[in-house]
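I set out here what I looked up in this structure, entry by entry.

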Amino acid sequence: MGVELKKEQIDELLLEDIESDNHPSEFQLGKDYAVLILRLPEMESSGLQVISYAFVIKDGVSFRFNRDLKELVPSGSLHDLYEFLDQKTDQLLRDIQRYHYEIELLEESLYDGAFSSDFMQKWLTYKKDVSLIHRLMFHAGLAFEQFVNHHKRRDDFKDLAY
């Protein structure tokens, strides 16, 4: 790869956005780099969590902000970024499918008159989570679309065409 990127090379305001652990999804251009922040929902054992992933792309090399190290670490090519996001998206689709299945089961129990006393609490929790997921993915989709439109002139765009 051979491309290096230090935090000191990033515009101060963009660096604040990158370092923020709750920054919304967006795409911004710096002097000779691009910043893609995707705020994505993820299921963990404690429930639905929202994580802001920050990427800086310079000369076709992706750097991801490591929140533990508080540093930009190389994460590979645009294809590697695509692979990372593809895995996140696939898992999210499975999680959404599971949510919809659970909602259907709850609603069927309501129609059958066999619902539990905590029906409403479960149903509202699932609906609230699904609504949050859809809202987050809408904004992530807009930011990602800007990212793709900016990078489609590159020879390796076909990897991002999905």
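I began with leucine 38 and set aside its neighbours within four places in sequence; leucine 38 is then in contact (heavy atoms within 4.5 Å) with Ser25, Ile51, Ser52, Tyr53, Leu85, Ala140, Ala143 and Phe144. The model is a predicted one, in which local features need pLDDT of at least 70, side-chain atom pairs count only at pLDDT 80 or more, and totals for chains, interfaces and linings use all residues. Residues are numbered from 1 along each chain as its sequence is written, and side-chain values use heavy atoms, with hydrogens and water left out.

I next looked up the nonpolar cores. A nonpolar core is a set of buried Ala, Val, Leu, Ile, Met, Phe, Trp, Tyr and Cys residues joined through side-chain atoms within 4.5 Å; buried means under 20% relative accessible area, exposed over 50%, and partly exposed in between (1.4 Å probe, protein chains only). The largest core has 17 residues, and Leu36, Leu38, Phe55, Ile57, Leu85 and Phe147 have the most contacts inside it. I noted that β2, β3, α2 and α3 each give two or more residues to this core. Helices (H or I, at least four residues) and strands (E, at least two) are DSSP runs, numbered from the N terminus. Helix α3 supplies the largest share of the core, five residues. A second, separate core of 15 residues includes Val3, Leu15, Ile37 and Phe63.

I then turned to helix α3, which covers residues 119-151. Its buried residues, among them Phe119, Ile133 and His151, pack against β1 (26-29), β2 (34-44), β3 (47-58) and α2.

For the aromatic rings, I counted five pairs, taking rings of Phe, Tyr and Trp (its six-membered ring) with centres within 6.5 Å; planes under 30 degrees apart count as stacked, over 60 as edge-to-face and the rest as tilted. The rings of tyrosine 53 and phenylalanine 84 are edge-to-face, because their centres are 5.3 Å apart and their planes stand at 75 degrees. Tyrosine 53 lies in strand β3 and phenylalanine 84 in helix α2, so this pair ties together parts 31 residues apart in sequence. Both tyrosine 53 and phenylalanine 84 are buried. The rings of phenylalanine 144 and phenylalanine 147 form a tilted pair, because the centres are 5.5 Å apart and the planes at 35 degrees. I found that ring pairs link Phe27, Phe144 and Phe147 into a cluster.

Key:
Expected span 1.5 Å × (residues − 1).
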